[in-house]
Amino acid sequence: MENERQQSLLSGNRANHGGLELKSFRLCLNWICLDQSSLWRIGLSWSIFFVLVVGVPIVSHFVLLCSNCDKEHQRPYDALVQLSLSCFAAISFISLSCWARKYGIRKFLFLDKLCDVSDRVRQGYAQELQKSMKLLSVFVLPCFAAESAYRIWWYATGASQIPYVGNKYVSDIVACTLQLCSWLYRTSIFILACIFYQLTCHLQILRLEDFAQVFQMETEVGSILIEHLKVRRNLRIISHRFRLFILLSLVLVTASQFIALLMTTRTTTSVNIYEVGELALCSISLVTGLFICLRSATKITHRAQAITSLAAKWHVCATINTFDDADGETPVAQSVSPQLFSSGVVRESSEEEEEEDGDNDLDNTKLVPIFAHTISFQKRQALVTYLEHNRAGITVFGFMVDRTGIQAIIAIELALLLWLLNKTIVNFT
């Protein structure tokens, strides 16, 4: 156990469980130099971190600020951009490094727990693993293409005004390459940490959807309670691992957006796409990463709390079925009451086409099969009472991350981002 706790994030040539291939993760983590399996790899990882996250931004800001250039080549918001990207890269890198020392990739992504789940959950998680690296490319590459176009234009059109050392063209090419590598590294490592969080949440969502099947079969209350306790424990572990990362991301993204708003709304400031374009790309990247985390947290909290309503519906159907059997003197051997479903099935079949795409086993309006004679009323009532007073979900230092609070946060973040984009795009057009 202790050796497993100390293994690195990339330990072994192959980390899989139940056919889950983690090759894409290993290649991605190697690409951003997060392999800390040996002493020299640790030194290389931290050296690249300091060069691309600390060294290049400092040199870029103080040497290449170009305060004497024309307005199109000045960068009045460069300090905010460099500081924001470096802060988030530092938070993500330190978090991933701590998780690397404490867990392995299998344990961190809960792959070691897949032996206790169904094939449906394993297959769903395998598909999510395959999509995760594509999501990283989808979120990062468009902004990187825009950043590359801006950097190339900036050096190509302002070569005579930009400071250089030695040969002007070689100096500009090296500086442009280092700046682009720094931007790509800092953005990718933050989005990667957010995707890790999304993956761990998605596994628990799959487990919750699989857990909902227990209400469709003859199951003892004790087994339902044990499975729910396992889910709650996993959600508590996820909340504890990511709580500081989520809180710092939320606070710093909001602070960065407010500072950008204050800087761009000054009366003495002229806002155009040449000066604010880089700040807008930075804001888009950071808000995107934050939304990935918040969406995953609220989604799993909603699914976890839907268990309570599903159990209450199951209890109500069972209770009604019991009284129908008593009134009609139905034989005790009958498990499922036809009276309960005689009217419900017809209505559901006629309304099946009108169901929303988001319906699932945890959140639907269908009646459930009843096994009232195998589970007593007192046991069902005790289970529903327990679920009502022990709601599961993602928490951040004790505060439940649900849709109520997240809607306000998303509204604020989107308002700040859209204001900045409006100032940038409208002035450009």
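1. Start with helix α6 (residues 119-157): it has 39 residues and spans 58 Å from first C-alpha to last, close to the 57 Å expected at 1.5 Å a residue. That expected span is 1.5 Å times one less than the number of residues. Helices here are DSSP runs (H or I, at least four residues), numbered from the N terminus.

2. Before going on, some housekeeping: this is a predicted model, local features need pLDDT of at least 70, side-chain atom pairs count only at pLDDT 80 or more, and totals for chains, interfaces and linings use all residues. Numbering runs from 1 along each chain as its sequence is written, and side-chain values use heavy atoms, with hydrogens and water left out.

3. Where does α6 bend? At Val140, by about 30°, with a proline, Pro142, following within four residues. The bend is the angle between axes fitted to the seven residues ending there and the seven starting there.

4. α6 packs on α7 at about 155°, axes 8 Å apart (axes are lines fitted to C-alpha atoms over the stretch in contact, and angles run from 0 to 180 degrees between N-to-C directions). The two are therefore roughly antiparallel (over 145 degrees; under 35 is roughly parallel, 65 to 115 roughly perpendicular, the rest oblique). The residues of this contact divide into 23 nonpolar, nine polar and eight charged.

5. Helix α4 (residues 78-102) meets helix α7 (residues 168-211) at about 50°, with axes 8 Å apart, so the pair is oblique. α4 contributes residues including Phe88 and Phe93, and α7 residues including Trp183 and Phe190; contact means heavy atoms within 4.5 Å. By class, there are ten nonpolar, four polar and one charged.

6. Helix α3 (residues 39-63) also packs on α7, at about 125° with axes 9 Å apart, and is therefore oblique to α7. On the α3 side, Ile48, Phe49 and Pro57 are among the residues involved, and on the α7 side Leu178, Tyr185 and Arg186 are among them. This contact has nine nonpolar, three polar and one charged residues.

How values were computed
Ala, Val, Leu, Ile, Met, Phe, Trp, Tyr, Cys and Pro count as nonpolar, Asp, Glu, Lys and Arg as charged, and the others, Gly among them, as polar.
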